[in-house]
Amino acid sequence: MTFAQARTQLYVPPAPPPRIVPPNAKPSLQGYLRYFQIMSRNPLEIWTENHFNDLIHKDRVLGRQYVMAHDPNAIRRYLVTNADNYGLTELRRALFEPVIGNGLLIAEGDLWKRTRRALTPVFTPRHVRSFAPSMVKVATAGAEQLIAASDSVVSFTQEMLSLALKILTACLFSDDARLDVDRFSKNLDRLLHIAGMPHPLDLASAPKWVPRLGRGEALRVVADLRGQVETVAKERRRLIADGADPPADFLTLLLSAGQDEGAPLSEREVTDNLITFLSAGHETTARTLTWIFYLLSNAQETLARAQAEIGAAPLEDTDPADWSECLPFTTALIKESMRLYPAASIFTRLARADDTLADIPIAAGTEIITSPWVLHRHRKLWEQPDAFVPDRFLGDAAETIQRFSYIPFGMGPRVCIGASFSMQEMVIIVAVFLRRLKFEHVGRTPPMPVMRITIQPSTPVYMRVKERDDSH
């Protein structure tokens with residue numbers, strides 16, 4: 001049965017409808033004011049019907065030329081085969097630099113190459129696999145905590161933020177008590193709420209010396225986040241300098257990164273990258289997990305199928321790093337959730353020299369924008385693009401997915417370095433929770449996806465949670 005034949009059975013989760021713009025619409029002051037209003041409320045609402053129907057789309061905003069590229073061949077060109085011609089945009093730096101400094105996410109040139117080369121060994125399969133037992137331990141403790149409060153209503157938004165950060169601190173810092181997990185999580189959530197949108201002056205390309213009003217609280221939160229991380233890193237450096245045997249965790253690996261090549265990371269670079277991994281890894285994974293459980297709570301057949309697969313799998317006799325191999329449907333539903341609600345919802349690059357994308361001439365200085373939100377729901381690339389269909393990532397259906405039409409972790413040289421870590425973590429958490437718990441969404445209204453760097457639910461996702469009768 002095709003997706004079209006199963007149309008009436010498919011669950012279509014909440015999403016803002018594309019805007020309808022008259023074909024003869026011309027730039028105007030009223031139009032620009034409307035643009036800034038939408039961007040400040042929810043950038044996902046800015047996309048129009050044309051964006052979901054056209055694979056490549058030229059636009060001009062405030063006198064600047066943009067190309068909205070959702071053609072897989074164009075994406076391959078500017079993110080992979082000719083990536084050196086496309087640098088990061090000033091808007092991206094303005095959004096991320098106050099939080100993560102010059103971490104891997106926004107570093108460029110020689111700094112990016114040196115940092116990436118130093119960090120790549122940290123994310124080898126061997127090291128990522130070694131973190132799996134810690135992930136199972138933290139996920140199991142989280143499930144048991146919910147079981148202890150059985151039949152109560154909890155915010156899965158907060159539960160997933162807390163759980164994802166606990167896993168990161170276990171793997172990154174061996175649960176170093178110097179990091180206040182609750183305070184860090186709340187501060188990070190607050191930071192993304194108050195500074196997770198481009199400032200109007202940044203959208204208008206105003207000079208950096210022009211003050212960005214309203215950023216004072218954000219800077220105070222950033223100072224606290226960085227202070228906590230610096231304290232943990234300095235103590236670990238002291239431990240190593242004293243000849244003690246340090247924990248075999250991410251921080252120890254990071255402090256030794258690049259030393260064999262004579263190019264270790266500086267103290268500032270270590271802090272920048274720890275902040276990058278803590279903020280990006282914690283936030284993106286937590287939001288994705290929240291959407292996964294929300295989707296499952298509204299797709300009971302999919303939930304039952306996943307629970308049956310997990311219940312039949314020999315998880316006790318399988319290395320948790322290999323759980324995805326014996327849980328293909330569970331892995332597929334995670335991938336489908338990332339298609340519908342990609343944590344990284346936009347990629348931007350600036351053309352350094354003239355080029356051509358999908359037969360469209362690109363002049364130097366043109367900004368290229370790809371939104372996984374649009375790409376993953378594009379009507380020319382996906383059947384039933386707005387529906388939750390995990391089966392599209394299984395068997396023959398998966399083979400038909402066009403390459404570069406699905407990029408939840410990015411693509412090319414700047415692909416997310418922690419992708420395998422995140423996928424392993426999500427498979428483990430979903431498996432542990434679906435095996436032990438049953439849950440029901442009890443929110444009064446469906447959460448609408450809102451972009452605040454990541455795609456977040458507009459309201460807390462409240463669930464009534466109980467222990468499954470057959471969990472033992």
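The model is predicted. Helix α13 (residues 267-297) and helix α19 (residues 419-436) cross at roughly 35 degrees, and a cluster of ring pairs includes Phe 293, a residue that also belongs to the contact of α13 with α19. A search of the whole structure turns up zero disulfides.

**Packing of α13 and α19**

- Two packed helices are described by the angle between their axes and the distance between the axes.
- For helix α13 and helix α19, the axes come within 11 Å and the crossing angle is roughly 35 degrees.
- The crossing of α13 past α19 is right-handed.
- On the α13 side, the contact is made by Thr 285, Thr 288, Leu 289, Ile 292, Phe 293 and Leu 296.
- On the α19 side, the contact is made by Ser 422, Glu 425, Met 426, Ile 429, Val 430, Phe 433 and Leu 434.
- By class, the residues of this contact divide into nine nonpolar, three polar and one charged.

**Aromatic pairs**

- The count of aromatic pairs comes to 15.
- A pair of aromatic rings is described by the distance of the centres and the angle of the planes.
- Phe 156 and Phe 293 have ring centres 5.4 Å apart and planes at 75 degrees, so this pair is edge-to-face.
- Because Phe 156 lies in helix α8 (residues 156-173) and Phe 293 in helix α13, the pair ties together parts that are 137 residues apart in sequence.
- Phe 156 is buried, at a relative accessible area of 0%, and Phe 293 is buried, also with a value of 0%.
- Trp 291 and Tyr 294 form an edge-to-face pair because their ring centres are 6.2 Å apart and their planes stand at 80 degrees.
- Trp 291 and Tyr 294 are three residues apart in helix α13, so about one helical turn separates them.
- Trp 291 counts as buried at 1% relative accessibility, and Tyr 294 is buried with a relative accessible area of 2%.
- Ring pairs join Phe 156, Phe 293, Phe 433 and Phe 439 into a cluster; among them, Phe 293 and Phe 433 are also listed in the contact of α13 with α19.

**Cysteines**

- The whole structure contains zero disulfides.
- Cys 171 is in no disulfide, and the nearest cysteine sulfur, that of Cys 416, is 15 Å away.
- A disulfide requires the two sulfur atoms to lie within 2.5 Å, and the sulfur of Cys 416 is too far for a bond because the closest cysteine sulfur, in Cys 171, is 15 Å from it.
- Cys 171 is buried, with a relative accessible area of 1%, whereas Cys 416 counts as partly exposed at 36% relative accessibility.

- Asp 151 is not a glycine, yet its phi is positive at about 75 degrees.
- The loop between α7 (132-148) and β4 (152-155) holds Asp 151.
- The relative accessible area of Asp 151 is 40%, so this residue is partly exposed.
- Phe 404, a residue other than glycine, has a positive phi near 70 degrees.
- Phe 404 is placed in the loop between α18 (395-399) and α19.
- With a relative accessible area of 7%, Phe 404 is buried.

Technical notes:
Residues numbered from 1 in each chain as written. Predicted model: local features only at pLDDT ≥ 70, side-chain atom pairs only at ≥ 80, totals over all residues. Heavy atoms only, no water. Buried < 20%, exposed > 50% of the residue type's maximum accessible area, 1.4 Å probe, protein only. Axes fitted to C-alpha atoms, helices over the stretch in contact; angles between N-to-C directions. Helix = DSSP H or I, 4+ residues; strand = E, 2+ residues; numbered from the N terminus. Left-handed = near helix turned anticlockwise from the far one by under 90°. Contact = heavy atoms within 4.5 Å. Nonpolar A, V, L, I, M, F, W, Y, C, P; charged D, E, K, R; others polar. Phe/Tyr/Trp six-rings, centres within 6.5 Å; stacked < 30°, edge-to-face > 60°.
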